[in-house]
Amino acid sequence: MTGPLPGAAPPPAAPPTRAPPPAAPPSRTARPAPLGKTIGHVGLALTVAFAGLALGAGYWQVVRSPDLTADPRNPLVIAAARNVVRGLIVDRDGKTLASNKRDPDTGQPYRVYSDDAFSGVIGYASRQFGTAGLEDTFNAELTGVSNGNPIGDALRKFELDPYDPQKLTLSISSRLQQAAIAGLGDDRGAVVMLDPTTGEVLVLASTPTFDNGAVANPATAEKAFAALRTDKSHPLLNRATQGQYVPGSVFKIVTAIAGLGSGRITPATTFPSQPKAEADGLVVSGFRIHEHPGVPSRSFDLIDATEWSSNIWYALAGLRTGGANLADFAGRMGIGGAIDFDLPTASSQVSGGGSGPGGFADDVELANASYGQAKVLVTPLQMALVASTVANGGVLMRPHLVVATTGRGGTQRVGPSELSRVISPDDAAAIAEAMQGAVESSIGRQFTTGAKVAGVPTAGKSGTAELGGTGAPHSWFIGFAPVDHPRIAIAVIVERGGRGGARAAPLAGDLMTMFFRLNR
């Protein structure tokens, strides 16, 4: 039962409902913006957005286009590598080094090579195992995906035939390259010869070589590559660009460059402590550095020290120069970083990366490094650049193998490019004079036997890189000729070849002599 209880008062009546107050007139500020103004704002935002998209597209399609086009992961590059007839590779005289055949079973093209002497330079192009050497570095050009012109590359993608295989013309001389490989013979080693004024590489030899044609041929690729991978002589290692070696006395030229370039030594610098140190050994922080046999106990200047290849003088010169300066000037020639080159290169180093100046742990390491021992490691290409820097008056040119690419649109040439001025012309001339004495003086000839080119002023420095333990040292030589207007610079290493004058110096002399005979 609901309702009021009996006797209860009735509930009060509800108050009357008031009418709502009249609405306020609309505010002028709340009035909607004019339609034209809104469209203008939207248009501006769209313009900014599309401008950003256009800039981004331009960056990736123009600025970054060469990188993306040449990227081996680019599907266009992958497809081209399997189906397109690759461009030829020829030497500086037009001799064909790499060409093509058709697989009789599949009809697909595969690579053939003229001579194993170029295997370390050209590498291989294989359907099974990919690419190496110049076949890898210039894969996009050889398959015709790129010709080095970003705008042309972008437009060709819309053509019926988007591929334009490029012919590569190299600076390599076939006759000099073959002579270098023959000169190294059964030894493991490398030769780098280049024009110091242009950076054009005439020889880039590495032994042992390998049969890159067998790797490229689909019928023999599996067996050939399996044998190469298990070969303990490591023929796939390009020793000229990726072999890291203790340099021995050829590194003294780097110390001379740093000493003169920093102003810490001069060509006339002598050390009063040297005569006693020559006889008893140089004590550095308790470590005794000994001279090699036959060096007289007297003071030397730059020329004497280079002719005699004095470890003591160069150790003292390195200590006076300082680790920071030695590392700095070495770095100006590429030591400590990647060399800008047409093939991958291993990094050279002057120190073990210690906490002292230049990365040296202490003065003992610095003194030993100054004559090419301790933890110094270099590539043959790097030491050829050291010789080239002195030969070219202190200016380092970019080394390169490819001098031209040729396709449907014509030929694009690769000209000389300066990397850096390392030292002054006067300092370079002083070092060149010392290096000439190391080859042509009666003293120097005993260390650089056979390096002299008959009738041509020749400069150089041999090196005997001690490796510790048993076994012969590495045999080194770097040099250039003619001294007054150099046309050629060279670096030679023969692994476990003994003294520098035993193997490397005479091989360098033979190759430089051949160069002048071919280029009279």
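In what order do the strands of the open sheet of 5 strands stand, and with what pairing? The order is 8-7-17-16-15, and the pairing is antiparallel. Two strands are taken to pair if DSSP finds at least two bridges between them. Strand 8 (201–207) and strand 15 (459–465) are the edge strands of this sheet, each pairing on one side only. On average, neighbouring strands of the sheet are turned by 5 degrees against each other, direction ignored.

The model is a predicted one, in which local features need pLDDT of at least 70 and side-chain atom pairs count only at pLDDT 80 or more, while totals for chains, interfaces and linings use all residues. Residues are numbered from 1 along each chain as its sequence is written, and side-chain values use heavy atoms, with hydrogens and water left out.

The secondary structure of the protein chain comes to 20 helices and 17 strands. Helices (H or I, at least four residues) and strands (E, at least two) are DSSP runs, numbered from the N terminus. Of the 520 residues in the protein chain, 49% are buried. Buried means under 20% relative accessible area, exposed over 50%, and partly exposed in between, with a 1.4 Å probe and protein chains only.

Ala459 stands opposite Phe480 in strand 16. Helix 18 (residues 380–391) lies across strand 7 (189–194), strand 16 and strand 17 (488–494), and runs at about 30 degrees to strand 16. Axes here are lines fitted to C-alpha atoms, for helices over the stretch in contact, and angles run from 0 to 180 degrees between N-to-C directions.

Another open sheet has 6 strands in the order 3-2-1-6-12-13, with mixed pairing. Strand 3 (109–113) and strand 13 (410–413) stand at its edges with a single partner strand each, so one side of each is left without a neighbour in the sheet. Strand 1 (residues 89–90) and strand 2 (residues 96–102) are paired in the antiparallel sense over 2 bridges. The bridge partner of Val90 in strand 2 is Thr96. Thr169 is found in strand 6 (residues 167–170), and it counts as buried because its relative accessibility is 16%. Not counting residues up to four places away in sequence, Thr169 touches Val90, Asp91, Leu401, Val402, Val403 and Ala404, where contact means heavy atoms within 4.5 Å.

The largest nonpolar core has 130 residues, and Val191, Leu204 and Ile257 have the most contacts inside it. The largest share of this core, 9 residues, comes from helix 20 (residues 504–518). A nonpolar core is a set of buried Ala, Val, Leu, Ile, Met, Phe, Trp, Tyr and Cys residues joined through side-chain atoms within 4.5 Å. Leaving aside neighbours within four places in sequence, the contacts of Leu204 include Val121, Ile172, Val191, Phe341 and Leu401.

The axes of helix 8 (residues 174–184) and helix 20 come within 10 Å and cross at roughly 160 degrees. Helix 8 and helix 20 are therefore roughly antiparallel to each other, a term for angles over 145 degrees. Residues of helix 8 that meet helix 20 include Arg175, Leu176 and Ala179, and their counterparts in helix 20 include Leu507 and Leu511.

Notes: Angles under 35 degrees count as roughly parallel, over 145 as roughly antiparallel, 65 to 115 as roughly perpendicular and the rest as oblique.
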